[in-house]
Amino acid sequence: MKNRLKEFRETHGWSQGELARRLGVSRQTINAVETDKYDPSLPLALRMSKLFGVSVPELFIDDWEPQP
Amino acid sequence: MNTASTDLSQPPHKGRKLALMIGGGALTGFFGALGLMTLIDSGALGSLGPSREIALLVAMLYGFMGVLVGFGALSPRLGARFLNVQDAEELREMKQSLLASGIGSVAFGGVLAVLALTGPGALLAPMAGAVAAGVLLVIATLASVRSMKHSDELMRTVSRQAGSTAFYLVLLFIGGWAAFSIFGFVPQPQMIDILTLIWAILIIATFSVCAKRGMLGMR
């Protein structure tokens with residue numbers, strides 16, 4: 001799933017290592033999420049959105065729309 | 001504080017590192033296998049046969065991977081030159097998990113090596129082999145549990161997927177071999193063949209999951 005994690009991270013001036021430390025995960029995880037190789041669990045997605053002060057849909061981009 | 005400058009997602013000398021990883025791995029593998037085959041041919045390990053020899057080669061692969069990972073965890077500066085990480089700091093961050101993983105890999109490979117070296121014509125008597133394999137299996141299990149405790153959700157996800165993939169590969173290869181041997185198309189596998197396949201499949205499954213997730217690309 002496409003996401004704006006890198007954009008928000010860079011806006012805060014954090015390295016991948018710094019973000020990983022703040023979220024309590026490995027740098028590899030941050031790298032995998034940023035490069036769309038891994039969709040984080042819901043708890044981690046919520047932690048990310050709290051950290052950046054944005055909603056989950058602002059952080060993770062999903063094109064799906066409900067059928068009318 | 002702006003720490004973005006320390007983000008090494010595009011590390012220098014990527015090509016050189018890739019060459020070192022592939023070349024070093026190939027050379028170490030070649031000379032390791034050559035050394036093992038020379039040792040086997042000398043008769044120092046008893047009379048083994050092809051099945052046990054293949055088992056020893058697979059066990060050596062586990063040992064090789066475990067030593068590399070363990071060495072990288074203990075010496076991050078050198079480890080960052082041949083392990084697929086961004087920099088030495090990443091190895092320091094993952095030290096506990098990697099060290100346990102390295103020990104587990106060596107011990108798990110040791111179990112297969114002991115099994116290959118136990119029995120008629122081989123180096124170890126059955127009871128000695130059983131004790132050695134049991135001790136190594138306990139070490140491997142404890143190390144794996146410790147490694148998992150220090151892993152985060154990505155590695156636990158990869159581990160679960162690798163386990164699932166391995167299950168289907170076991171069904172395919174061991175089940176297929178068993179079925180074909182029932183039909184009489186191929187000889188029946190020996191017990192050590194089945195164990196070797198399980199050990200080999202675990203490596204194949206792990207690399208396959210990592211490759212599918214794009215995690216084998218140079219970082």
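1. A salt-bridge network in chain A. A:Glu18, A:Arg21 and A:Arg22 are joined in a network of salt bridges, a salt bridge being a side-chain nitrogen of Lys or Arg within 4 Å of a carboxyl oxygen of Asp or Glu. Side chains of opposite charge can pair when their charged atoms come close. In the bridge between A:Glu18 and A:Arg22, the closest N and O atoms are 2.7 Å apart. Both residues, A:Glu18 and A:Arg22, belong to helix α2 of chain A, where they are four residues apart, about one turn of the helix. Helices here are DSSP runs (H or I, at least four residues), numbered from the N terminus. A:Glu18 is buried, at a relative accessible area of 16%, while A:Arg22 is partly exposed, at 40%. Buried means under 20% relative accessible area, exposed over 50%, and partly exposed in between, with a 1.4 Å probe and protein chains only.

2. What the model is. This is a predicted model, in which local features need pLDDT of at least 70 and side-chain atom pairs count only at pLDDT 80 or more, while totals for chains, interfaces and linings use all residues. Residues are numbered from 1 along each chain as its sequence is written, chains are lettered from A and ligands numbered from 1 in the order in which they are written, and side-chain values use heavy atoms, with hydrogens and water left out.

3. A salt bridge between two helices of chain A. The side chains of A:Arg9 and A:Glu34 also form a salt bridge, at 2.5 Å from N to O. A:Arg9 is in helix α1 (residues 5-11) and A:Glu34 in helix α3 of chain A, so this pair ties together parts that are 25 residues apart in sequence. A:Arg9 is buried, with a relative accessible area of 0%. A:Glu34 is buried too, with a value of 13%.

4. A salt bridge within a helix of chain B. B:Glu89 pairs with B:Arg92 in a salt bridge whose closest N and O atoms are 3.2 Å apart. These two residues are three residues apart in helix α4 (residues 88-93) of chain B, which means that about one helical turn separates them. B:Glu89 counts as partly exposed at 39% relative accessibility, and B:Arg92 as partly exposed at 43%. Over all chains, the rule gives seven salt bridges.

5. The interface of chains A and B. In contact (heavy atoms within 4.5 Å) are 18 residues of chain A and 22 residues of chain B. The size of an interface is often given as the accessible area lost when the parts come together. Here the two chains bury about 1700 Å² between them, with 40% of it on carbon and sulfur atoms; buried area is the accessible area (1.4 Å probe) that two parts lose on being put together, summed over both. A:Arg27, A:Gln28 and A:Tyr38 supply 41% of the area that chain A buries against chain B, more than any other three residues.

6. Pairs across the interface. The rule finds two salt bridges between chain A and chain B. One of them joins the side chains of A:Arg27 and B:Asp87, at 2.9 Å from N to O. On the side of chain A that touches chain B, α2 (16-23) and α3 (27-34) of chain A each supply at least two residues. The largest share of that side, five residues, comes from α3(A).

7. Helix α6 of chain B. Why does the span of this helix agree with its number of residues? At 1.5 Å a residue, taken times one less than the number of residues, the 24 residues of α6 (residues 126-149) should span 34 Å, and the end C-alpha atoms are 34 Å apart. Buried residues in α6(B) are B:Gly129, B:Ala133, B:Ala140, B:Ala143 and B:Ser147. The buried residues of α6(B) pack against α5 (95-116) of chain B.

8. Helix α8 of chain B. Just after α8(B), B:Gly214 has a positive phi of about 70°.

9. A backbone angle in chain A. A:Asp36 has a phi near 60°, a positive value in a residue other than glycine. A:Asp36 sits in the loop between α3 and α4 (42-52) of chain A and is partly exposed, with a relative accessible area of 37%.
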